[in-house]
Amino acid sequence: MTRLLCSFALICFLAYTASSQEPVRFPRPETTAAQSAPNIFATKIDRLREAFNAGRESELIALESDVLGAMREELERSEAGGRTQFIRQKAIFAEFEHFSFYRAQPADAQARFLLLEEFANTMK
């Protein structure tokens, strides 16, 4: 009986100790939407390039749509903000009007990836 009581007390003590500990919280670096948008866009470009190189067609189509949507959003922000990059961004976006990575030859795709990287640089 004493063993059972000691075991029970030990379990209660350990449960109380574990539940009373506060998790350690590390401060996150502060980033604004303007700082993170170019990084997010660059990540999308990298994922699109990986899908193209690996030949993952369904992922490629979804990522291409996501990248073009992000470009449209950035164009709207640039136009509303009256930024000087708007004209170049619009010209780059126009290059993708009748283009699809799904059907593209590797040389054409690489040229478009360079345009996407240039677009990402205009976002900074």
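**Charged pairs and their surroundings**

Modeller: Start with Arg88 and Glu118, whose side chains form a salt bridge with an N to O distance of 2.7 Å. Arg88 belongs to helix α4 and Glu118 to helix α5, so this pair ties together parts that are 30 residues apart in sequence. Arg88 has a relative accessible area of 37%, so it is partly exposed. Glu118 is partly exposed too, at 30% relative accessibility. Keep in mind that this is a predicted model.

Why do such pairs form? Side chains of opposite charge can pair when their charged atoms come close. The count here comes to six salt bridges.

Another of them joins the side chains of Arg49 and Glu117, at 2.4 Å from N to O. Arg49 sits in helix α2 and Glu117 in helix α5, so the pair ties together parts 68 residues apart in sequence. Glu117 has a relative accessible area of 33%, which makes it partly exposed.

Now move to Glu74, which lies in helix α3. Is Glu74 buried or exposed? Its relative accessibility is 3%, and buried means under 20%, so Glu74 counts as buried. The side chain of Glu74 meets that of Arg83 in a salt bridge, 3.0 Å from N to O. Arg83 counts as partly exposed, at 28% relative accessibility. The Glu74 side chain also makes a polar contact with the side chain of Arg77, at 3.0 Å. Leaving out residues up to four places away in sequence, Glu74 touches Arg83, Gln89, Phe119 and Met123.

Step back to the helix that holds Glu74. Helix α3 covers residues 57-81, 25 residues in total. It reaches 36 Å from its first C-alpha to its last, close to the 36 Å expected. Its buried residues include Leu60, Glu64, Met71 and Glu74. After α3 comes Gly82, with a positive phi near 65 degrees.

Among the buried residues of α5 are Ala109, Arg112, Phe113, Leu116 and Phe119.

Next, look at the loop between α4 and α5, where Tyr102 is found. Tyr102 counts as partly exposed, at 38% relative accessibility. Beyond residues up to four places away in sequence, Tyr102 touches Glu57, Leu60, Ile61 and Glu64. Tyr102 and Ile61 are 41 residues apart in sequence, but their C-alpha atoms are 6.6 Å apart in space.

Finally, the whole chain. It has five helices and zero strands. Of its 124 residues, 27% count as buried. Among contacts with a separation of 6 or more, 61% are between residues 24 or more positions apart.

Definitions and conventions
Residues numbered from 1 in each chain as written. Predicted model: local features only at pLDDT ≥ 70, side-chain atom pairs only at ≥ 80, totals over all residues. Heavy atoms only, no water. Helix = DSSP H or I, 4+ residues; strand = E, 2+ residues; numbered from the N terminus. Expected span 1.5 Å × (residues − 1). Buried < 20%, exposed > 50% of the residue type's maximum accessible area, 1.4 Å probe, protein only. Contact = heavy atoms within 4.5 Å. Polar contact = N/O pair within 3.5 Å; in protein donor to acceptor, adjacent residues only side chain to side chain. Salt bridge = Lys/Arg side-chain N within 4 Å of Asp/Glu carboxyl O.
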